[in-house]
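This report goes through one protein model, from single side-chain pairs up to the contact between chains. The sequence and structure come first.

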Amino acid sequence: MPDYSESSETEEMRERVSAIVARIARVNIDEVEDDVLIRAELGVDSLMALEILASCERELDVKIPEERLAEVEEVGEFLQLLEQARKTQK
Amino acid sequence: MSELREVVREALSDWGEYPCMIAVNASGEATEYSASTIKSSVDAQAHFFRDIGVRRGTVVLMFRESSVDFVVSLLALFDVGAIPVPVKSEYRSFELDSIIDNARPDVFLAEEDHLALLAPHLSGRSVIAHSKGRLRIVQRADVSGIRDDIPPTVASINYTYRGYGYPLGALLPAAPYIDGARKLGERIDARAGERLLSCLPMANIVTLVGCVFLPLLRRLTAVVVTSIHPGRILGALRTYDIAHVIAVPEVYALWARATRDDQSFPKLRALTSGGSTLSPSLQSALIGAFGVDVLNGYGLTEYTPISCNRPGNAREGTIGPLFDNVTCRIDRANGNEILVKVPGVAHGYYRGGAETGEAFVEGWFRTGDRGSFENDHLIFESEIKRTMKINGAMVDLEEVKRAIEADPAVQSAEVNRESGRIVARIVPSGPVSEERESVKALRARMKERIAPYKVPATILFS
């Protein structure tokens, strides 16, 4: 029987993170797609980015070094970063 | 400058049995520094600087990250009688070229990994690199002392913007560091032995006066953190028994949104806010979240502080009563511009005769801000100059325009503030096949050229 638990976990994480990004960036959740540029297209500045990070850490119970934020341009890259942290910190 | 030296030495020599500074790193580990350790470190660095020729009047560019080491270097330069030029570590080639061209520093004191940004300017200068608490002489050159065009009472040159499109070097005497810090400390009732959180960039005058000299002269322990991550800060407020914080409204708002009802901050006494507008709604939210006085104040690079609310009598929507050394009037003929007169205001702008003449008129300093009075409380209304605050940091819209127009892909640009954001409308210099990719590439180039926080939130093709 295929194990769908990991992909459903990932999907749930994606939905929660998208909701956080949409709330803090004050955009519609539909605009938060993988290839969207967080700063350039969603207008997220440094403080918003920090708030997004802090909120995701709290809700997903993970820790991300702040300096990794600078490496992230797109929503998809941020999701990957969170996913990696979640797996290594499990 | 000798007054600064004496005041610092006296403060460090007469400390209680508690830390002078505490550094908290990104991992949350804390290192305590006694006053005698700080004093020894200042003496050692002053000796190091003298050895390479730094002396009274030497202009030294400080391109350093905020840290206890920054404070030690600053105090050591003051001890020698040199003239530090603190520069934000976020600055890139556009700002650095302007500042270096204007200040013509003899010495660069920079983080090791910032040296690449200074590469075009290294020739003919002494260069000192800082890394992990150590200084290294990268190269030596002849170092000059007192300059004919800098008054002998100048303690530092601090760069600011007034909408001209380039930074201006305010020639600051010791007064803001001594009188300004003492008066602010009295106003917010900062007491010896208490702890004050320092989380803003130390190149800012607000941080230098409020988070370096205020704790030093009033003998508070300065707790220096490198992150404003709300989780880390809220923990630090409790762990380190913080009584006072000085920060900008946007940072306070970030923290307030992260507080929970079950959190308390038993030692916290006041949040002092400056740098940009504190709305009444945010003020109420902060009082609700933290349960302490929120003291909104106002200061200028040319002199800080100008006004600040008092504990127990903070009035929403105002920037508080003036300090007793400040005279202020509202120029109704010029859009209600706030004019101030204060002993110890900057001498002017270095090598900026025209700009100095426009700003300093008949003993008054034209702030470039609009305001009014409500009884004895000053109210900030808006900026007249073509600048705006992004998270408390001043952005000169003309400088952003120049930086964009310096790009080969751009023929011309209009930069304005719209709904609290910087918006650029550009005319490209050639055909654009993929607008999204072009904007992405332009934004990446801009971040190499100018401080990232100045890059427009929105870039549109006309």
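In this predicted model, the side chains of B:Asp324 and B:Lys183 meet in a salt bridge, with 2.7 Å from N to O. The pair links distant parts of the chain, 141 residues apart. B:Asp324 sits in the loop between β15 and β16 (327-331) of chain B, while B:Lys183 belongs to helix α6 (residues 175-187) of chain B. Over all chains, the structure holds 42 salt bridges, and five is the count between chain A and chain B.

| Salt bridge | Distance, N to O |
|---|---|
| B:Asp324 and B:Lys183 | 2.7 Å |
| B:Arg232 and A:Glu66 | 3.8 Å |

The second pair in the table, B:Arg232 with A:Glu66, joins a side chain of chain B to a side chain of chain A. On the side of chain A that touches chain B, helix α2 (residues 46-60) of chain A supplies the largest share, nine residues. That side of chain A consists of 11 nonpolar, two polar and 10 charged residues. Six residue pairs are in polar contact across the interface of chain A and chain B, counting pairs with both residues at pLDDT 80 or more.

The contact as a whole draws 23 residues from chain A and 17 residues from chain B. About 1,600 Å² is buried between the two chains, and carbon and sulfur atoms give 48% of that area. Within chain A, the residues that lose the most area to chain B are A:Leu47, A:Glu51 and A:Glu66, which together make up 32% of what that side buries. A:Glu66 is also the partner of B:Arg232 in the salt bridge described above.

Turning to the fold of chain B, its secondary structure comes to 13 helices and 25 strands. Eight strands of chain B form an open sheet with mixed pairing, in the order β2-β1-β11-β10-β12-β13-β14-β15. At the edges are β2 (30-33) and β15 (307-308) of chain B, each of which pairs on one side only. Inside this order, strand β13 (residues 270-273) and strand β14 (residues 293-298) of chain B pair in the parallel sense over four bridges. B:Leu271 stands opposite B:Val294 in β14 of chain B.

What radius of gyration does chain B have? The value is 22 Å, which agrees with a compact globule, because 462 residues in such a globule would give a radius of gyration near 23 Å. Taken along the principal axes, the C-alpha atoms of chain B fill a box of roughly 70 × 55 × 50 Å.

Note on methods: Residues numbered from 1 in each chain as written. Chains lettered and ligands numbered in written order. Heavy atoms only, no water. Pairing = 2+ DSSP bridges. Helix = DSSP H or I, 4+ residues; strand = E, 2+ residues; numbered from the N terminus. Contact = heavy atoms within 4.5 Å. Buried area = accessible area lost by both parts, 1.4 Å probe. Salt bridge = Lys/Arg side-chain N within 4 Å of Asp/Glu carboxyl O. Polar contact = N/O pair within 3.5 Å; in protein donor to acceptor, adjacent residues only side chain to side chain. Nonpolar A, V, L, I, M, F, W, Y, C, P; charged D, E, K, R; others polar. Rg over C-alpha atoms; globule rule 2.2 N^0.38 Å.
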